[in-house]
Amino acid sequence: MTRLYNDPNDFADEMIDGFVAASARWVRRVHGGVVRATRSTPNTVALVIGGGSGHYPAFGGLVGQGLAHGAALGNLFASPSWQQVRSVAKSAHNGAGVLLSYGNYAGDVLNFDAAQARLVAEGIETRTVVVTDDISSAPAEEKHKRRGIAGDLTVFKVAAAASEAGWSLDEVARVAAKANEHTRSFGVAFSGCSLPGASEPLFTVPEGRMAIGMGIHGEPGIAEADVPTADGLAALLVDSLLAELPEGVTEVAGRRVAVILNGLGSVKYEELFVVYAKVDALLAAAGVDVVEPEVGELVTSFDMAGVSLTLFWLDDELESLWAAPADAPAYKKGSVDAAERVDDLDAPILAVADIPVASAESAAAARTVVTALEAIAETIDDHADELGRIDAVAGDGDHGIGMQRGVTAALAAARTAADAGAGAGTVLSIAGDAWSDRAGGTSGALWGAALETIGATVTDGAAPDRHSVAAGIAAATRAILEFGAVPGDKTMVDVLVPFESALTAEVEAGADLATAWAVAAAVADDAAAATAHLLPKMGRARPHAERSLGTPDAGATSLALIARTVAGVLAAAADRDSPTDLSSTERASS
């Protein structure tokens, strides 16, 4: 259990503050994460890595000469926002483009892809290589769906060494993808990890048993077995990985591999060495030549008791890059020539948006938006623990925390914008940007996109009426569907689509906004409850689909809660019959 913390919501930020203070020789802080504290060679590729906090030394501990140029650091087990990734990438950029690399998780893909699109639009050439080394998370024929675990290190190390050698962006991306194709990992856990402030771990394993094929975000394993001896565990790990060779590797004997035996948080180094002695013997017996192995904590999961084994199948090109020197806070190899330190600290990249002129009616309606966000924040606070519990059944248990961070930031930004005279459209857009930036993760990206889309639809020219609000919800639904989920996947989409359909139907039938929203909110409640009978087909819950049967989806549940909360705000606004309320304003314009 994580014992040392202040406010659990501040844990990640305070952890980063302490890490930067302790590692000033290597890193400096920028908005969204850290970058090198030393100057990189001009006109070389910048490698930007990242993901959720809670995996140290990944990802900040891998920033330094010969390794990453920057790391975007999200909240605990939640991806960084696209704003964070963009900020770190712009701070790390050396003039020859940026390579983004990270583990294959839905939230990371959404946010890193969004950051890449914006970087490219701003004239910074950007590529992406996603790490997919975990053989337990999808079959070989669907290896593009696999998640990234300790194999992150092999891809990052190879890409960074190629950058240090002055390779072009295309070549750095090529060899990073090659490293990923040559990397396979497999792991087990003896107990689950617990987030700061949580009274229970994200999953449990019966005494004397172990979870096989767990993830690094507290996801349960895909199977259970009795805990073997150290030699028995080594045999399980080695045999599982030798059973699936990368393309182009036709036989084991005579091959060279880099080996990583990774501790996930609570297994002691002495135990790891006992296991590694047998791993090394088994590989030697199979005719494999081990090259520069690593034993220790490289990609952790808080206090999870578990280990993973990674085999990185080498050729001459990959071996030379794996062996190249590096100097980062948590990873050192060989000797590097000390580079000049950067004296000036970069200011945050994100600028405060100018507030456009709004009509008096839209500015008044913006106050109702703020009132709605206040009510939503209270609702999420009341249900955060339950949302986390639901999410932990087959996922990582961070949904409640992420929603709290997102709505709190959205509310603060909306208040500031409304106080400056912003209209409803601008307030919604600014709130969406703040939500996605602070929350990160999949839900942060989706809620940010939804609010910004609604804001763009209702605009600042007039008070939103029932038709513009319904049109905004429809546009937000289309935007979220573009992320790939469809009804039946057990996501928030299973609530959003029927909610939007009901709202639109009621508005087209002549109902005022408060009435139409109340009807749609009831539909949302029913749809959220119905997700208990679905199997997840996307995200971290997908490998553990059966576990979630009988439990509703956390994202669908939070959306239904928010829909019901807003229904109450609109009903109260209608009862007050004030010209500053959305509902009464739309009645007057109907």
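**Close-up views of cavities, strand pairs and salt bridges**

**Figure 1. The largest cavity in the predicted model.** The largest cavity holds about 540 Å³ of space. A cavity is a set of points, on a 1 Å grid over the protein atoms alone, where a 1.4 Å probe fits but cannot get out, and lining residues have an atom within 4 Å of a point. Grid points are joined across faces, edges and corners, and the volume is the space filled by probe spheres set on the points. The search of the whole structure finds four cavities of 30 Å³ or more. The lining of the largest cavity comprises 30 residues, of which Leu451, Ile454, Ile473, Trp517 and Val566 lie nearest the centre. Two or more lining residues come from each of α9 (360-392), α11 (424-439), α12 (441-458), α13 (466-481), α14 (493-508), α15 (513-530) and α16 (554-576). Helices (H or I, at least four residues) and strands (E, at least two) are DSSP runs, numbered from the N terminus. By class, 29 of the lining residues are nonpolar, one is polar and none is charged. Here Ala, Val, Leu, Ile, Met, Phe, Trp, Tyr, Cys and Pro count as nonpolar, Asp, Glu, Lys and Arg as charged, and the others, Gly among them, as polar. Residues are numbered from 1 along each chain as its sequence is written. The model is predicted, and local features need pLDDT of at least 70, side-chain atom pairs count only at pLDDT 80 or more, and totals for chains, interfaces and linings use all residues, while side-chain values use heavy atoms, with hydrogens and water left out.

**Figure 2. The second largest cavity.** About 60 Å³ of space lies in this cavity. Its lining includes Gly50, Gly51, Gly52, His55, Asp108, Asp152 and His217. Strand β3 (residues 46-53) contributes the most to this lining, with three residues. Three nonpolar, six polar and two charged residues make up the lining of the second largest cavity.

**Figure 3. Strand pairing around β2.** Strands β1 (residues 27-30) and β2 (residues 33-36) pair in the antiparallel sense over four bridges; two strands pair if DSSP finds at least two bridges between them. Arg29 has Val34 of β2 as its bridge partner. Two residues separate the strands of this hairpin, in which Gly32 takes a positive phi near 100°. Strand β2 also runs antiparallel to β4 (residues 70-76), joined by three bridges, and Val35 stands opposite Gly70 in β4.

**Figure 4. Salt bridges of Glu244.** A salt bridge is a side-chain nitrogen of Lys or Arg within 4 Å of a carboxyl oxygen of Asp or Glu. Glu244 forms one with Arg146, the closest N and O atoms being 2.7 Å apart. Because Glu244 lies in the loop between α6 (230-242) and β10 (256-263) and Arg146 in the loop between β6 (126-131) and α4 (152-164), the pair ties together parts that are 98 residues apart in sequence. Both Glu244 and Arg146 are buried, that is, under 20% relative accessible area, with exposed meaning over 50% and partly exposed in between (1.4 Å probe, protein chains only). Glu244 also meets Arg184 in a salt bridge (2.9 Å, N to O). Arg184 lies in strand β7 (residues 183-191), so this pair ties together parts 60 residues apart in sequence.

**Figure 5. Further salt bridges.** Asp419 in helix α10 (residues 399-419) and Arg367 in helix α9 are 52 residues apart, and their closest N and O atoms are 3.0 Å apart in a salt bridge. Asp419 is exposed at 55% relative accessibility, whereas Arg367 is partly exposed at 39%. Glu171, Arg174, Lys178, Asp315 and Glu317 are linked in a network of salt bridges.

Definitions and conventions
On a 1 Å grid over the protein atoms alone, a cavity is a set of points where a 1.4 Å probe fits but cannot get out, and a pocket is an open set with protein on both sides within 12 Å along at least five of seven lines; lining residues have an atom within 4 Å of a point.
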